[in-house]
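Visitor: I have the sequence and the model open. Can you walk me through them, chain by chain?
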Amino acid sequence: MTGEVLAGLALGLLLVAPPFLPPYFLEILISVMLFGYLGAAWNILGGYAGQFSFGHAAYFGIGAYTSTLLFLRLGVSPWLGMLAGGVLAAAFGLAAGYLSFRYGLRGPYFSLVTLAFAEMLRVIAVNTKAVGSSLGLVIPNREPAPVNFVFAGKLSYYYVILAMAVGAVWITRRVARSKLGYSLLAIRENEDAAEASGVDALGMKLRAMAISSFLTALGGTFYAQYFAYIDPTITFGPSVSIQGLLQAIVGGAGTVLGPVVGAFVLTPMSELSRAAIRGRAGVDVMLYGIVLILVISFLPRGILGSLRRRP
Amino acid sequence: MTADLLLQAVVSGLLLGGVYGLVASGLSLVFGVLRIINFAHGAVMMLAMYTTYWLFTLAGIDPYLSIVVTGPLFFLIGMAIQRVVIEPNRFAAEHNQLLLTLGLALFLENLALVLWQGDFRSVRPSYAGASFVVGEALVEVPRLIACGGAIVMALALFAFLRLTDVGKAIRALSEEPEGAMLMGIDVGRIRAVAFGIGAGCVAVAGALVTPFFYVAPDVGESFNIIAFVVVVLGGMGNFVGALLGGFIVGLAESLGATLLPGSLKQLVVFGLFVLVLLFRPAGLFGGGRDR
Amino acid sequence: MNLLEVDAVTKRFGGLTAVSRFSLTVGAGEIVGLIGPNGAGKTTVFHLLSGFYAPSAGAIRFKGVSVVGAKPHAICRRGLARTFQIVQPFVNLSALENVMVGAFNRTGDVMAARQRALEVLDFVGLGARRDVLARELTLSDRKRLEMARGLATRPELLLLDEVMSGLNPTEIEEIIGLIRRIHAQGVSLLIIEHVMRAIMALSQRIVVLHHGEKIAEGRPAEVARDPTVVEAYLGEEA
C-alpha cells in the first residue's frame with residue numbers, strides 16, 4: 001500500500017530531521033503538528049460521525065485552563081493536569097452532547113448549539129477574576145523542568161506534539177477499523193437507516209464526542225505549556241474551533257491522515273501569506289476563507305477524500 | 001432593581017430589538033428560500049457599516065441618507081455573491097453549504113481587517129448625542145431613528161413580499177419549492193434576489209446603527225450570533241417571527257444587563273438560544289424547521 | 001404466542017388519524033402481506049413496528065414483549081428488521097461496508113462482521129459488487145443491498161416496504177425468488193407491496209388497510225374477491 005509507505009517515510013523524516021532545522025522552521029512544524037492534532041481530534045466527531053461542531057474551542061479551553069490553574073494554584077504537574085483537563089472536557093462534552101443529541105439536534109442546529117456553548121464558556125472566563133478574566137493566565141516560571149512540562153528548547157516541545165499527533169492518528173485508525181467506526185460512518189450517512197440496522201446512534205455519537213473532546217483538551221494543555229500564556233479569546237474563541245475543522249475539511253474529513261495532510265497544506269500557506277504581506281493581520285485567515293470556499297466547491301471530500309479510489 | 005432601571009432597560013431593549021429584528025429578517029428570508037444558514041450575514045453588515053463610515057468621513061454624507069446608496073449597493077453585492085459562490089453549490093450537502101458561508105464570513109471579515117485594520121472607528125454626526133426623556137427613561141435619538149428605520153424597512157419588505165410578483169414568487173419558493181418550480185418561476189433568479197434582499201436588509205440595519213455603534217471588522221460577529229438566536233426563536237423562515245423575536249431578544253439582553261455585570265449579559269441570550277434549540281427548535285411562533 | 005402481535009394500535013398526528021385500531025399478527029414462519037391503496041397508512045404501520053413512531057394507543061408485542069417506546073436500534077437488536085420504501089443506503093460506503101453495519105448488530109468483531117456481510121451479500125446476489133460504492137449501484141441492486149443489510153442483523157421478522165417498486169418484470173421475478181429463499185432460511189416476513197402478482201404469490205395471508213383501518217384479512221384468493229377491497233382500490237382510481 002503506497003499510502004502507508006509514504007506515511008511511514010514521512011514519519012521517519014519527521015522524527016529525524018527536526019534537530020537539523022533552523023528554529024523558524026521548527027516553530028512552523030510545531031504549529032503544523034498542533035493543528036493537525038486538533039484536526040484529528042475534531043475529525044472523530046466531525047468527519048466520522050458527521051456531527052460538525054463549531055465549538056470545539058470549549059474543550060481546548062477547558063484543557064488549557066484546567067491544567068494551568070492546577071499548576072499555578074496547586075502545583076500539580078501539567079502532565080497530570082492534562083489528564084484532568086481531558087476528563088473534565090470529556091464530561092462537558094458528554095453533557096453538551098447528550099443534551100444536543102437527545103433533543104435531536106442535527107446538522108446546522110447542532111453546529112449552532114456547539115458554537116453557543118463555546119461562547120458561553122468564553123464569556124464566563126472573561127468575567128471570572130479567579131481565572132484571570134480577559135487578562136488571562138501567565139505561566140511565569142520558565143526554568144526547564146520536564147516533570148512540569150517545561151522544556152529548555154523548542155525541540156522537546158516538538159517531539160511532544162509529534163507524539164500526540166501520531167497518537168491521535170493512531171486512535172483514529174483504531175476507531176475507523178472498529179465497530180464504532182463503521183457505526184459512526186453509518187450515522188453520518190443516514191442516521192435513521194443506521195438506527196434501523198441496529199446502531200445505537202445516541203450511544204455511538206456520545207462515544208465519539210467523548211474521545212474528540214478529551215483529545216482536544218490535551219491540545220489545550222500543550223498550547224498553554226508551549227506559549228506559557230492563555231486568555232479567554234485564544235482558548236475559547238472561534239479561531240481555535242475553526243482551525244480544527246479547517247484541517248480536517250481541507251485534508252479530508254473522515255479519513256485517517258486527512259487532518260495532518262490538511263495541516264501540512266494550510267500552515268505553510270498561512271505562514272507564507274503573512275510573510276508576503278507583513279504588518280497586516282488577517283491575511284492568513286482571509287486565505288483560509290478562500291481555501292474553504294474552493295475546497296467545498298471543487299474538492300468537497302478534501303484532499304485525501306478525493307484521492308481515494310475504489311475498484 | 002428599581003422601576004426606573006427596569007423602564008430604561010425595557011426602552012433600550014426594544015429600541016435595539018427593532019434593529020435585531022431587521023437583521024434577523026434578512027437571515028430568515030435567506031433561510032426560507034435557500035435553506036441555508038448564512039454565516040456571512042454579520043460580515044455583510046460590517047461591510048455596510050464601513051461603507052457608511054467612508055461615505056461619511058470622505059464625502060460628508062449623512063449615514064441615514066447614505067442608505068439610499070448602501071441599500072441597493074449591497075443588494076447587488078448580495079446577488080453577485082449568491083450567483084458566484086452559493087448557487088453553483090446548491091446541491092451540496094447541508095453541512096457543506098454551511099461551511100461555504102463560513103468561508104465567506106472568514107474571507108470578508110479578514111478582508112476588512114487587512115484593508116482597514118482593527119482600530120475602532122466611529123461615525124458621529126452632529127445629532128449623535130441628542131436625546132430626550134420619556135418618564136424616567138432616557139431615549140437616545142439615533143437609537144430611536146434606528147428602531148424606526150428598521151420597522152419601516154421591515155414593513156416595506158412585508159409589503160414587497162405580499163404585493164409584488166417577485167415577492168409572491170419568493171414566498172412561493174420558500175413554502176412550496178417544487179410547486180413553485182412547476183409554476184414556471186425562474187428559481188435561480190429568485191434565489192439570487194432573495195439573497196440580495198437579505199444582504200440589503202442587513203446593510204440598511206448596519207447603516208442605521210453606525211451613529212451609535214463602533215465600526216470594526218469584528219462588529220458583524222456579535223450581530224451574527226444575535227441574528228441566529230432571533231431567527232431560531234422566531235422560527236427559521238418565519239419572517240414576522242423574526243421581527244417579534246428581535247424585540248424579545250433585545251429585551252432579554254437588556255434585562256440581562258441589569259441583572260448581570262459586564263458582558264455576562266450575553267449569557268442570557270445564549271442561554272435562551274440553547275433552550276429554544278433544545279425544546280422548541282421550530283421557534284416560539286412555529287413555522288420553522290423542526291431540528 | 002405469535003411472533004408479532006399488533007393490538008388495536010392507533011396513531012394520530014394532531015387532528016389526523018393515520019392508523020385506527022389496527023390489529024395484526026404474524027406467526028413464526030409466516031409470510032403476511034399488507035396491502036391497501038396509497039395513503040392507507042401501511043408505511044406508518046411499519047414506522048410504528050420499528051420504533052420510529054410511538055402509537056397513540058394500543059399495544060405492539062414482539063416475541064411476547066412490548067416494543068412500545070423502544071428505540072429503533074433496540075427493536076432491531078430484538079430481531080425485527082425493516083427496509084424503507086425509498087431505499088436508504090449509506091451512499092458513500094461500499095456494499096460490503098453497508099452490510100457490515102447490519103452485521104455489527106450481532107457482533108463487535110470486525111472480522112466476524114465482515115464474514116457475515118460477505119455471506120449475506122452472496123446470498124442476495126451482490127457478492128461480485130461488494131466493493132462498489134452504494135451510490136453507484138442500480139436501483140435493483142440497492143434494493144437487494146437494503147434487504148442484505150436487514151438480513152445481516154439476523155432478524156426473526158423482516159419488514160419489506162415495497163421492495164418491488166420501480167423494478168422491471170425480470171427483476172421482480174428475481175426478488176420474489178430471493179424472498180422465498182429468505183423465508184426458507186427461517187425468517188418470517190411482513191410485506192407491503194403494490195405489485196399484486198408478487199404479493200398474491202408470496203403471502204400466506206393478506207391484510208388490507210384503507211384509510212388507516214383494516215378492512216379485510218384472509219388468504220390471497222379470498223381477499224382478491226372481497227368486494228370491500230375491490231371497492232377501496234377502484235374508489236382510489238376514480
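This is a predicted model: local features need pLDDT of at least 70, side-chain atom pairs count only at pLDDT 80 or more; totals for chains, interfaces and linings use all residues.

Visitor: In what order do the elements of chain B run from the N terminus on?
Guide: They run α-α-α-α-β-β-α-α-α-α-α-α-α.

Visitor: What box do the C-alpha atoms of chain B fill?
Guide: Roughly 55 × 45 × 35 Å, taken along the principal axes.

Visitor: And how does the radius of gyration of chain B sit with a compact globule?
Guide: The two agree, because a compact globule of 291 residues would have a radius of gyration near 19 Å and chain B has 19 Å.

Visitor: How much of chain B counts as buried?
Guide: 53% of its 291 residues. As for contacts in chain B with a separation of 6 or more, 79% of them are between residues 24 or more positions apart.

Visitor: Switching to chain C. What does the domain assignment give?
Guide: Domain 1 of chain C covers 1–79 + 156–238, and domain 2 covers 87–154. Their centres, taken over C-alpha atoms, are separated by 24 Å.

Visitor: How many residues of each domain of chain C are in contact?
Guide: 10 residues of domain 1 are in contact with 9 residues of domain 2. On the domain 1 side, H2 and helix H6 (169–184) of chain C each supply at least two residues. H6(C) gives the largest share, 4 residues.

Visitor: What classes are those domain 1 residues of chain C?
Guide: The side that touches domain 2 divides into 7 nonpolar, 1 polar and 2 charged.

Visitor: Now the contact between chains C and A. How many residues from each?
Guide: Chain C puts in 26 residues and chain A 21 residues. On the chain C side, the elements giving two or more residues are helix H2 (72–78) and helix H3 (95–103). That side of chain C has 11 nonpolar, 9 polar and 6 charged residues.

Visitor: Last one, inside chain A: how do H3(A) and H4(A) cross?
Guide: The axes of helix H3 (residues 57–74) and helix H4 (residues 78–102) of chain A come within 8 Å and cross at roughly 140°. The crossing of H3(A) and H4(A) is right-handed.

Visitor: Which residues make the contact?
Guide: From H3(A), they include Ala58(A), Ile62(A), Gly63(A) and Phe71(A). From H4(A), Gly81(A), Gly85(A), Gly86(A) and Phe92(A) are among them. By class, the contact of H3(A) with H4(A) has 11 nonpolar, 7 polar and no charged residues.

Notes. Residues are numbered from 1 along each chain as its sequence is written. Chains are lettered from A and ligands numbered from 1 in the order in which they are written. Two residues are in contact if their C-beta atoms, placed from the backbone, lie within 7 Å. Ala, Val, Leu, Ile, Met, Phe, Trp, Tyr, Cys and Pro count as nonpolar, Asp, Glu, Lys and Arg as charged, and the others, Gly among them, as polar. Domain bounds come from an automatic or database domain assignment. The radius of gyration is taken over C-alpha atoms; the globule rule is 2.2 Å times the number of residues to the power 0.38. A residue is buried if 20 or more other C-beta atoms lie within 10 Å of its own, exposed if 12 or fewer, and partly exposed in between; C-beta atoms are placed from the backbone. Axes are lines fitted to C-alpha atoms, for helices over the stretch in contact, and angles run from 0 to 180 degrees between N-to-C directions. A crossing is left-handed if the near helix is turned anticlockwise from the far one by less than a right angle, and right-handed if clockwise.
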